[in-house]
Amino acid sequence: EENGKIYDYEHAIGMVITCDSKKMTDTKCNERGWNHAYVMGLENLGTGRWGEMGQIEAGITPMTKDDKIEDNMNGYSETEQMLKNYTNDVSSSYNAFELIKKYRDSDKIPDELNRSPWFIPSIGQWFDMLVNICGRSPRDFRNETSNGLNDTGWGQETLDKLKGQLSKVGNSLPDFGVDSYRLGFNCSSQYDKDRCWMLLWHIGDPAYDNWKRICLQGYDKKAYWNIRPFFAF
């Protein structure tokens with residue numbers, strides 16, 4: 001490092017989240033040889049909603065907090081499935097996936113690079129980001145809720161660790177909602193008929209002045225959260 005930046009950081013395209021061979025379990029990635037790492041890209045694509053409430057989406061296995069969410073590394077497969085489900089209608093109801101589709105078209109991957117197209121990360125890929133980058137496993141979170149893994153004290157430290165790593169390549173996160181005091185990210189994974197998984201920080205809210213909250217939770221599919229693209233190679 002030099003002046004807090006990684007050498008040649010201007011050419012970085014992402015940050016490795018997982019490179020443990022045992023975690024390379026997305027079969028659609030492995031079929032193409034993208035089984036070395038899952039990587040978080042450095043762009044923020046804006047906010048989008050996962051989909052419609054009241055229906056289980058075909059091909060996306062529902063998972064609750066009591067399932068082995070840390071083993072679901074299928075962000076690419078789940079994104080592909082949702083794009084397939086709505087091939088002719090990635091509409092505003094599913095505009096999280098519309099955003100990733102547009103980004104694939106606008107940010108083409110060079111032919112010589114053997115890596116996946118961009119995808120929305122799965123719940124297990126966000127889980128690994130919290131373990132490997134932020135230093136806390138969601139299984140150790142101390143304030144579990146009915147629909148998520150939640151900790152009301154570790155939010156600031158986990159956020160600071162992620163920001164610190166991103167700053168080494170001159171990168172940043174979106175701003176918190178001005179009045180909501182929340183920073184949330186969409187996930188490819190489905191919780192139940194009404195909810196998808198998402199990653200949330202909730203910090204600085206005067207209504208919860210003791211909170212420095214971090215959680216992975218099932219939340220309304222119609223809610224808008226930030227899209228951070230991942231890829232596999």
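Predicted model: local features only at pLDDT ≥ 70, side-chain atom pairs only at ≥ 80, totals over all residues.
Student: What percentage of the residues of the chain count as buried?
Tutor: Buried means under 20% relative accessible area, exposed over 50%, and partly exposed in between (1.4 Å probe, protein chains only). Of the 233 residues, the buried share is 50%.

Student: What share of the contacts with a separation of 6 or more comes from residues 24 or more positions apart?
Tutor: A contact means heavy atoms within 4.5 Å. Among contacts in the chain with a separation of 6 or more, residues 24 or more positions apart account for 70%.

Student: Which residues have the most contacts inside the largest nonpolar core?
Tutor: In soluble globular proteins, nonpolar side chains tend to be buried together. A nonpolar core is a set of buried Ala, Val, Leu, Ile, Met, Phe, Trp, Tyr and Cys residues joined through side-chain atoms within 4.5 Å. The largest one here has 40 residues, and those with the most contacts inside it are W126, M129, L130, L162, L199 and W201.

Student: Which element gives the largest share of this core?
Tutor: Elements that give two or more residues to the core include helix 5 (155-167), strand 5 (182-190), strand 6 (195-203) and helix 4 (123-132). The largest share is five residues, and it comes from helix 4.

Student: How many residues are in the other core, which lies apart from this one?
Tutor: A37, A96, I120 and F231 are among the residues of that other core. Its count is 18 residues.

Student: Which residues of helix 4 are buried?
Tutor: Eight of the ten residues of helix 4 are buried, so the helix is largely enclosed by the rest of the structure. One of them, W126, touches M40, P121, F185, N186, C187, L199, L216, R228 and F230, not counting residues up to four places away in sequence. The buried set is I123, G124, Q125, W126, F127, D128, M129 and L130.

Student: Against which elements do the buried residues of helix 2 pack?
Tutor: Helix 2 covers residues 75-85, and eight of its eleven residues are buried, so it is largely enclosed by the rest of the structure. The buried ones are G75, Y76, S77, E78, T79, Q81, M82 and L83. They pack against helix 1 (27-31), helix 3 (95-106), helix 4 and strand 5.

Student: Which residues does G46 touch, not counting residues up to four places away in sequence?
Tutor: G46 sits in the loop between strand 2 and strand 3 (47-49). Its relative accessible area of 30% makes it partly exposed. Leaving out residues up to four places away in sequence, G46 touches L99, W225, N226 and I227.

Student: Which residues does M53 touch on the same terms?
Tutor: M53 is in the loop between strand 3 and helix 2. With a relative accessible area of 31%, M53 is partly exposed. Not counting residues up to four places away in sequence, M53 touches K193, D194, D220, K221 and K222.

Student: Near what value is phi of Y181?
Tutor: Y181 lies in the loop between helix 5 and strand 5, and at 25% relative accessibility it counts as partly exposed. Phi of Y181 is positive, in a residue other than glycine, and is near 60°.

Student: Is D175 buried or exposed?
Tutor: D175 is found in the loop between helix 5 and strand 5. Its relative accessible area is 71%, so D175 is exposed.

Definitions and conventions
Residues numbered from 1 in each chain as written. Heavy atoms only, no water. Helix = DSSP H or I, 4+ residues; strand = E, 2+ residues; numbered from the N terminus.
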